Amino acid sequence: MTKRALITGITGQDGSYLAELLLEKGYEVHGLVRRSSSFNRGRIDPIYLDPANQGRLTLHYGDMTDSTSLINVVRESRPDEVYNLAAQSHVAVSFEMPEYTASADAMGAIRLLEALRQNAPEARFYQASTSEMFGLTPPPQHEDTHFHPRSPYGAAKLHAHWATINYREAYDLYAVSGILFNHESPRRGESFVTRKITRAVAAITAGRATSVTLGNLDAVRDWGYAKEYVEGMWRMLQQDVPGDYVLATGVGTTVRDFAEMAFSHVGLDWREHVETDARFERPSEVPELLGDASRAAAELGWKATTTVRQLAGLMVDTDIALLQG
Ligand code: NAP
Ligand code: GDD
């Protein structure tokens with residue numbers, strides 16, 4: 001029997017990699033896309049238009065802030081597995097739009113869980129939770145670490161995390177929360193710090209720019225490769241017993257060191273091209289995220305393999321190729 005998966009956030013970085021993975025595994029994939037006045041399908045269109053996927057990938061209009069559209073997409077797609085990846089995912093933006101962020105990220109998860117409970121209670125549910133929920137708690141962070149979110153985004157995601165666990169405990173839904181540390185790729189949104197840096201390296205190499213302006217260079221993040229992380233999401237929904245898992249590399253790197261890796265990949269000295277400006281700093285920062293993914297290694301057989309230096313190199317190479325057309 002062909003399995004059916006529903007992915008919210010299918011037009012995002014992770015959604016596009018997950019759609020590819022599930023199509024490769026023989027799934028029928030359904031994706032939720034937002035209506036907007038212009039198309040935002042750059043990542044999913046190549047997959048959607050691939051003749052190999054004809055009739056196997058269906059896109060449905062809907063929005064995490066609108067229950068009716070979520071109920072409709074659940075009824076239409078009749079999913080075996082649901083991956084809730086849709087979110088206002090930018091931490092800095094969440095300080096400017098806290099109410100919208102809570103609606104899309106916290107209430108959105110509840111709207112979808114409720115749509116499933118009432119229409120497809122057998123479906124397995126994955127919630128895209130985040131290391132941002134740990135916030136101020138010192139590393140290494142793992143599944144049992146105290147949460148202390150530092151942004152409206154982190155707080156909204158924490159609400160969704162506990163809602164997922166509550167639907168599992170209260171209604172016996174197969175619902176899991178994947179607590180993923182930062183993961184990047186050439187498909188990363190352009191305003192996240194890694195991609196901002198690798199695009200700048202490409203532009204500087206091409207003579208189109210001379211510098212990039214960043215905020216806090218001291219922040220430490222645990223950066224892995226998104227393509228490997230979507231495999232971990234899928235594995236979480238294949239377990240006999242639902243549980244929550246951290247996915248991380250276990251290696252922490254400062255923003256400064258990531259810049260050094262990206263610039264040195266093309267023989268440039270980052271110190272000659274990176275400027276700082278307080279306007280890119282956040283009202284409250286998460287100083288250090290570094291995850292312990294031992295539970296995922298033991299129970300899912302999942303391990304990150306791409307190093308942060310390799311990741312920086314592959315993102316720079318792709319951004320250079322993109323600029324060259
Ligand atoms: P992303 O590239 O920003 O993608 C977010 C997706 O959500 C996009 O498809 C976006 O649609 C969609 N979306 C936003 N608001 C929506 C709404 N109101 N209704 C319907 N769809 C909406 O994020 P990502 O990096 O792939 O991350 C995927 C998920 O994992 C997110 O929930 C994120 O918070 C979480 N997460 C990410 C990381 C990471 O390091 N990447 C780590 C931990 C957790 P448009 O294309 O129309 O904007
Ligand atoms: N975006 C951005 N832009 N961040 C900067 C900049 C800049 O110019 N300069 C320094 N930073 C610092 C931020 O203050 C933060 O400490 C770090 O770089 C990483 O910022 P982002 O790349 O925006 O990612 P994030 O860690 O805030 O959030 C990402 O990872 C979370 C998981 O921990 C997002 O993908 C979230 O959706 C995800 O949940």
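An oxygen atom of ligand 1 lies 2.6 Å from an N or O atom in the side chain of Thr 11. This is a predicted model, where local features need pLDDT of at least 70, side-chain atom pairs count only at pLDDT 80 or more, and totals for chains, interfaces and linings use all residues. Residues are numbered from 1 along each chain as its sequence is written, chains are lettered from A and ligands numbered from 1 in the order in which they are written, and side-chain values use heavy atoms, with hydrogens and water left out.

**Around ligand 1**

- Asn 40 has a side-chain N or O atom 2.7 Å from an oxygen atom of ligand 1.
- For Asp 63, a side-chain N or O atom is 2.9 Å from a nitrogen atom of the ligand.
- By class, the shell has nine nonpolar, 10 polar and five charged residues (Ala, Val, Leu, Ile, Met, Phe, Trp, Tyr, Cys and Pro count as nonpolar, Asp, Glu, Lys and Arg as charged, and the others, Gly among them, as polar).

**Aromatic rings**

- Phe 134, Phe 147, Trp 162 and Phe 181 make up one aromatic cluster (rings of Phe, Tyr and Trp, its six-membered ring, pair if their centres lie within 6.5 Å; planes under 30 degrees apart count as stacked, over 60 as edge-to-face and the rest as tilted).
- Phe 147 counts as buried because its relative accessibility is 15%, while Trp 162, at 48%, counts as partly exposed (buried means under 20% relative accessible area, exposed over 50%, partly exposed in between, with a 1.4 Å probe and protein chains only).

Note on methods:
A polar contact is a pair of N or O atoms within 3.5 Å; within protein, one must be able to donate a hydrogen and the other to accept it, and residues adjacent in sequence count only if both atoms are side-chain atoms.
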